[in-house]
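Biologist: I am new to this structure. Please take me through one part of it closely: the aromatic rings and what surrounds them.

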Amino acid sequence: MTNPTPEQTVAALTLEQKAGLTSGADFWTTKEAPGVPSIMLTDGPHGVRKQDASADHLGLAGSVPATCFPPAVALGSSFDEDLLVRVGEALGEEARAEGVGVLLGPGVNIKRSPLCGRNFEYLSEDPLLSGVLGAALVNGLQSQGVGGSLKHFAANNQETDRMRVSADIDERPLREIYLRGFQRVVQDAQPWTVMCSYNRINGTYASQDPWLLTSVLRNEWGFAGLVVSDWGAVVDRVASLSAGLDLEMPSSSGRTDAELVAAVTSGTLDAAILDTAAARVAELVQKAVAGADANASYDVEAHNSLAREAAAASVVLLKNDGVLPLARSASVAVVGHVAQAPRYQGAGSSQINPTRLENALQEIRSLAGTEVPFAPGYGEDGVGTPEQTAQAVAVAGAAETVLLFLGVPASQESEGFDREHLELPAAQLELLEAVLAANPRTVVILSNGGVVRLSGFAHRVPALVEGWLLGQAGGGAIAQVLYGVVNPSGRLAETIPVRLEDTAAFGNFPGEHGHVRYGEGLMVGYRWFDARNMEVSYPFGHGLSYTTFELSGASAVADGAGITVSLTVTNTGDRDGAEIVQVYTGLASSAVSRAPRELKGFAKVHLAAGESRAVQLLLRREDLAYWDTRVSAWSVESGSYTVEIGASSRDIRASLAVDVAGDEVRVPLTTDSSIGEVMAHPVAGPIMTAAMGSGSNAGLMSDPSILKMLASAPIGRMMGFPGSGVEPEQLEQLLAMANAS
Ligand code: BGC
């Protein structure tokens, strides 16, 4: 006998059971129903946060030990799809070992402002990078029989007022920037679930927006899984269900289930809608049960090693005048509390209880093989006492090189609120000055979940290492990078601005009175800085290596699949290393607003010293498209595209021009179409030109400057004019014929 389908299982349930199935039993599990066992969903995204039975009822404290992999802010900087697949697989193994059916991640929201308090949980300011890496993580996770939950869908780009605020976004930026990464993950990885966000989008709660949850997600993108609410995102359960939300989490203790039952009974909610949602829950449960394994376990040591490898691949060497890598025998001193008590993840729902915790100080000592001197310089809150400063200055002055660890205090970066500024704590900056005065050979290593302003001191330190929040094995990873055991290959997935005031959302973040206007439109992150040709501290895509790379022999060919870029990458130095080849496109002749360059492809290339490799990247045709608001569809414009190949968005090594044949966009002509639009139409244009050439204004109409002046005038209003050569009826006929052609 074959197992019943989810639909058959649901058909056998009572109305109450169906309603119950579409909301949680408690904080983390779904309800049982005949034929449908309960499954567990837990955070996510960079580790398994499974709470033990004695935990609090806010869902925050006391989770079982799990590997704390690097949070998304770090993984984004790896630009490494394969690595994200492997981290996803490991997360899947751990989730399965803990009996977890769905892991709540990844988060692919765009880092619109560096102030977003939750940027540490997001991958990038760029939708392609977010989408490709997000898909890799989901593919890895789901290969282990554990579901992903793509979140927070959508436009949850700030924490301020996150449960109510309306993100007011024009259609193009919404499609091209804020939804594009989600679309990529849905289409390339089919996550088992998508988590709708708390906020409103253009006035409508994401949790009850039929356009978002059904028209776009299912009908346009082909999403086949289940939509779960963010925890507590449901405002009106009946409206949510109708819009396409299948599962409310956590439990509402039966209150909203009763609302569904009442709505179906009174006829205000179609019973079929509830059946569909309940069947989607049953199907999710079926998948989770099939993936479960009561005997599953995982190798804690191996996962710690993977966490370390991922952390090392995510470190970004921002600046190095040659002081790094350190020789094992170098005389060094370590300064900074976070070297000993690492900040390795952000606060809130993603907080993992790690299986191990490495600190950089210990790892530096073990690589150096000596008791390297250390001074904390400041405490947990980032503030130091005069004695701590004096002690730091003393150890700094006595060493050849100082490794100074600075960072954003934990209290400033969390889910639930945004940051107020980009500054490191004043006391840490004072410590930096004191240490630099004692020893100019001071390497600064940063721990931060969102970018900090570096423009006050970057030019005065010989080396600068962006260490983000690196997870439980970040201490070892930092030490390996400092000593050159690992050659750094991380690249900035977000721009480090000179000042907060320069950033795109400044003045429009976090909004007011329940609305945040995305006034910068498409120009987010590097798109903004490039469009304005503004100076930045470190550009998107930047990151140094201990070796050097040459990109040569680049060529680009367009065909129906997109643009294929070929080049040779050579490691021209004397160390093994990895280059991140980045390909950006632009279309100067575009008829619509566009950023000067947009990332459309990237590849991480590992090369031994002296090695050369031919690399090919496909820039997908759909990634060249813009959202055409006239026809509400993606459209590739014809033209000569600039294809830039570089080592960062501002280190372009080759620039090519490639002709791309665009999509034919037929915007129906009406009497409100401009003369220019009608003239450009392949059928109407020639007829109209001939007709106008026959009227008494024919002379005028053949004058190019007059035509240019008239091009923007609606044709219906001009045709009645004396001497136009075209009667209104003729115009109607012509337009109808053109539209039918
Ligand atoms: C967060 C989600 C998280 C959920 C469950 C919410 O507050 O926004 O990211 O998955 O809680 O902890």
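Modeller: Trp28 counts as buried, because its relative accessibility is 8% and the cut-off for buried is under 20%. Trp231 is buried too, at 11% relative accessibility. This is a predicted model, and the values are computed from it.

These two residues belong together. The structure holds 10 aromatic pairs. Trp28 and Trp231 form one of them, with 5.7 Å from centre to centre. Their planes stand 35° apart, and the pair is tilted. The pair links distant parts of the chain. Trp28 lies in the loop between α2 (15-21) and β1 (41-43). Trp231 lies in the loop between β9 (226-229) and α9 (237-243). The two are 203 residues apart.

Now take another tryptophan pair. Trp627 is buried, since its relative accessible area is 2%. Trp634 is partly exposed, because its relative accessibility is 25% and buried would need a value under 20%.

The charged end of Arg175 sits over the ring of Trp627, 3.8 Å from the ring centre. So what sits over the ring of Trp528? There, it is the charged end of Arg532, 3.8 Å from the centre of that ring.

One group remains. Phe79, Tyr526, Phe540, Tyr584 and Phe602 form one aromatic cluster.

Definitions and conventions: Residues are numbered from 1 along each chain as its sequence is written. This is a predicted model: local features need pLDDT of at least 70, side-chain atom pairs count only at pLDDT 80 or more; totals for chains, interfaces and linings use all residues. Side-chain values use heavy atoms; hydrogens and water are left out. Rings of Phe, Tyr and Trp (its six-membered ring) pair if their centres lie within 6.5 Å; planes under 30 degrees apart count as stacked, over 60 as edge-to-face and the rest as tilted. Helices (H or I, at least four residues) and strands (E, at least two) are DSSP runs, numbered from the N terminus. Buried means under 20% relative accessible area, exposed over 50%, partly exposed in between (1.4 Å probe, protein chains only). A charge sits over a ring if NZ of Lys or CZ of Arg is within 6 Å of the ring centre and within 35 degrees of the ring normal.
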